[in-house]
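Subject: Handing over a structure

Dear colleague,

Please find the structure below, followed by some notes on it.

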Amino acid sequence: MSYIGLMSGTSLDGVDGVLTAFDGKLHAAYLPFPTTLRATLLALQAPAPDEIHTEALAAVELARLYADCVHELLRKVGVSAGDIRAIGAHGQTIRHLPALGYTRQINAPALLAELTGIDVIADFRSRDIAAGGQGAPLVPAFHQAMFGSPDATRVVANIGGIGNISVLHANGDVLGYDTGPGNVLMDGWVARHLGQPYDANGDWAAAGRLLPALLDRLLSEPYLALPAPKSTGRDLFNADWLAERLQDFAAAAPVDIQATLAMFTARTLADAILRDAPDAEAVYVCGGGALNGHLMTQLQALLGKPVHSTDALGISPNHVEASAFAWLAARFCDRQPGNLPAVTGARGPRILGALYPA
Ligand SMILES: Nc1ncnc2c1ncn2[C@@H]1O[C@H](COP(=O)(O)OP(=O)(O)OP(=O)(O)O)[C@@H](O)[C@H]1O
Ligand SMILES: [Mg+2]
């Protein structure tokens with residue numbers, strides 16, 4: 001059976017879609033967010049007046065973009081809605097506060113089912129939270145299924161807006177959690193100073209000098225030292241968080257701050273991997289961070305072990321997260337659990353998601 005996975009992550013760059021064809025091939029489509037939708041989704045990350053109305057309108061617009069992505073995939077592959085068993089649609093996170101008992105991925109799954117004529121599985125995270133878990137990360141189970149090796153410990157590092165690792169032990173045990181920021185702080189800084197959505201290949205960061213005092217201050221964030229299970233988002237790592245830590249660095253050159261933010265992301269990932277997977281044979285990176293050559297070089301230098309993109313294991317780094325939601329949709333359809341309690345901290349395995357029939 002074929003499934004479609006739709007992911008739009010913390011970076012707020014756009015919608016990644018994949019279609020897993022019956023022959024095992026993976027097909028992908030990407031639709032960037034229109035500027036106005038991106039601005040609305042960014043605004044929804046923090047409290048503001050009239051949020052319910054704004055959220056509902058944004059969810060409708062998001063579902064229409066999801067539907068466009070589905071139609072593009074169907075057209076590309078030359079299949080019809082009836083050939084797809086289900087769509088796994090993550091939705092857009094606007095709050096992630098598991099300690100308070102909730103996480104919010106806005107979405108309009110009923111509309112998506114209506115527009116596509118395909119069963120939609122949505123709201124993957126809340127059942128895990130209901131069972132006492134973090135609701136995140138959910139991708140380690142998929143990483144294990146796709147990338148695990150019986151011969152060696154492997155680490156998959158997803159560098160999206162936030163960074164997360166999956167430690168895949170040879171015996172099948174999996175550990176995973178959010179390590180801290182991925183691209184989110186670097187993206188914000190380059191947008192503010194160069195007006196670009198991201199630092200292509202990390203070239204701007206590579207031109208700057210590291211500010212050790214600033215790096216120390218960033219690394220003193222208590223989240224980084226918390227034991228797993230743990231997860232985070234823009235609720236913590238946002239522009240205000242950074243501004244507070246930059247107070248004594250008003251005279252620093254923006255390019256040096258970018259260099260330090262890149263090292264901060266690399267250090268948080270490398271420290272976590274060296275602590276929790278010292279025996280890993282290699283680290284495989286997915287998410288947009290895999291396209292940041294500067295970050296990849298720094299990570300490899302800090303780790304002293306090979307760092308590859310997940311291309312080396314057969315899936316493009318841009319397609320891994322969306323594939324995970326196609327996989328989670330399949331798990332739901334087969335009434336199989338999607339979470340790993342050892343990762344999220346939930347009381348047990350749970351079937352994740354809710355069905356909106358076509
Ligand atoms: N060529 C590139 N060079 C440097 N960074 C890049 C490049 N292409 C993409 N990126 C980074 O990757 C980000 C998008 O990554 P991705 O889509 O994996 O993150 P996401 O949407 O937050 O997903 P998730 O939450 O699932 O991890 C961009 O915002 C940018 O920071
Ligand atoms: Mg993205």
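Which domains does the domain assignment of the chain give? It gives domain 1 (2–135 + 319–356) and domain 2 (140–313), where the bounds come from an automatic or database domain assignment.

Before going further, please keep in mind that this is a predicted model, in which local features need pLDDT of at least 70 and side-chain atom pairs count only at pLDDT 80 or more, while totals for chains, interfaces and linings use all residues. Residues are numbered from 1 along each chain as its sequence is written, chains are lettered from A and ligands numbered from 1 in the order in which they are written, and side-chain values use heavy atoms, with hydrogens and water left out.

The centres of domain 1 and domain 2, taken over C-alpha atoms, are separated by 23 Å. The contact between them takes 22 residues from domain 1 and 22 residues from domain 2, contact meaning heavy atoms within 4.5 Å.

Next comes the ligand. Around ligand 1 there are 21 residues, of which Ser11, Gly161, Asp187, Asn201 and Gly288 come nearest; a residue is near a molecule if one of its heavy atoms lies within 4 Å of it. The shell draws at least three residues from each of domain 1 and domain 2, and by class it has 4 nonpolar, 12 polar and 5 charged residues. In this scheme Ala, Val, Leu, Ile, Met, Phe, Trp, Tyr, Cys and Pro count as nonpolar, Asp, Glu, Lys and Arg as charged, and the others, Gly among them, as polar. Oxygen atoms of ligand 1 lie 2.7 Å from a polar backbone atom of Gly161 and 2.9 Å from a polar backbone atom of Gly288. Taken alone, ligand 1 exposes 650 Å², and the protein buries 87% of that (areas come from the Shrake-Rupley method with a 1.4 Å probe; for residues, only the protein chains shown count as cover).

Two residues show what the inside of the chain looks like. Leu19 belongs to strand 2 (residues 14–20); strands (E, at least two residues) and helices (H or I, at least four) are DSSP runs, numbered from the N terminus. Leu19 counts as buried because its relative accessible area is 1%, where buried means under 20%, exposed over 50% and partly exposed in between (1.4 Å probe, protein chains only). Arg154, in strand 8 (residues 154–159), is also buried, with a relative accessible area of 17%. The side chain of Arg154 makes a polar contact of 3.0 Å with the side chain of Glu281, a polar contact being a pair of N or O atoms within 3.5 Å; within protein, one must be able to donate a hydrogen and the other to accept it, and residues adjacent in sequence count only if both atoms are side-chain atoms. A polar atom of that Arg154 side chain also lies 2.9 Å from the backbone oxygen of Phe147.

Finally, some backbone details deserve a look. Most residues other than glycine have a negative phi, and most peptide bonds are trans. The peptide bond from Ala136 to Pro137 is cis, with omega near -15°, and a cis bond also joins Ala228 and Pro229, with omega about 0°. Phi of Asp123 is positive, near 55°, and this residue is partly exposed, with a relative accessible area of 37%.
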